[in-house]
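Have a look at the fold before reading on.

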Amino acid sequence: MITKKWFFGKGREEEAFDLFTLFDRKERGLVGLNDIKSVFNQYLDINISDNDILEFIEEADGDKDGYLSQNEFFTKLGYQ
Ligand SMILES: [Ca+2]
């Protein structure tokens, strides 16, 4: 399970925004399974399963559309 500690965790809003931008590669304002997978594969040496990512999305996905909006993402990571 992914938790805050996997990320940079300094809790500043600016960092949260940078992080979201990193995941939101298509600039849709939404982050989904494939977006998160790409970032993990490209930047992090972490072996993570689709199920782990889906679990993370599901936990944070307030409106249950299968994607994380900026607000949902920030809330999940404890930035707001
Ligand atoms: Ca959502």
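## Starting on helix α3

Asn51 sits in helix α3; helices here are DSSP runs of H or I with at least four residues, strands are E runs of at least two, and both are numbered from the N terminus. Is Asn51 buried or exposed? Asn51 is exposed, because 9 other C-beta atoms fall within 10 Å. The cut-offs are 20 or more other C-beta atoms within 10 Å for buried, 12 or fewer for exposed and anything in between for partly exposed, with C-beta atoms placed from the backbone. Asn51 and Leu33 are 18 residues apart in sequence, with 9.5 Å between their C-alpha atoms.

Leu54 is in helix α3 too. Leu54 counts as partly exposed, because it has 15 C-beta neighbours inside 10 Å. From its C-alpha to that of Gly66, twelve residues away along the chain, the separation is 8.6 Å.

## What you're looking at

This is a predicted model, so local features need pLDDT of at least 70 and side-chain atom pairs count only at pLDDT 80 or more, while totals for chains, interfaces and linings use all residues. Residues are numbered from 1 along each chain as its sequence is written.

The protein chain has four helices and two strands, running α-β-α-α-β-α along the sequence. Of its 80 residues, 14% count as buried. Take the contacts (C-beta atoms, placed from the backbone, within 7 Å) with a separation of 6 or more: 44% of them join residues 24 or more positions apart.

## How α2 meets α3

Helix α2 (residues 33-43) packs on helix α3 (residues 50-60) at about 125°, and their axes are 10 Å apart. The axes are lines fitted to C-alpha atoms, for helices over the stretch in contact, and angles run from 0 to 180 degrees between N-to-C directions. That angle makes α2 oblique to α3; under 35 degrees counts as roughly parallel, over 145 as roughly antiparallel, 65 to 115 as roughly perpendicular, and the rest as oblique.

Which residues meet here? Leu33, Ile36 and Lys37 come from α2, and Asp50, Ile53, Leu54 and Ile57 from α3. The residues of this contact divide into five nonpolar, no polar and two charged. For that tally, Ala, Val, Leu, Ile, Met, Phe, Trp, Tyr, Cys and Pro are nonpolar, Asp, Glu, Lys and Arg are charged, and the others, Gly among them, are polar.

## The core

The largest nonpolar core has nine residues: Ala16, Phe20, Val31, Ile36, Ile57, Leu68, Phe73, Leu77 and Tyr79. A nonpolar core means a set of buried Ala, Val, Leu, Ile, Met, Phe, Trp, Tyr and Cys residues joined through C-beta atoms within 7 Å. Leaving out residues up to four places away in sequence, Phe20 touches Val31, Gln70 and Phe73.

Tyr79 lies in the segment after α4 (70-76) and is buried, because 22 other C-beta atoms are within 10 Å. Its C-alpha is 6.3 Å from that of Glu13, 66 residues apart along the chain.

## Two positive phi values

Most residues other than glycine have a negative phi. Glu27, in the loop between α1 (13-23) and β1 (30-31), has a positive phi near 55°. Lys64, in the loop between α3 and β2 (68-69), also has a positive phi, about 55°.

Glu27 is exposed, with 7 other C-beta atoms within 10 Å. Lys64 counts as exposed, with 7 C-beta neighbours inside 10 Å.

Notes:
Two residues are in contact if their C-beta atoms, placed from the backbone, lie within 7 Å.
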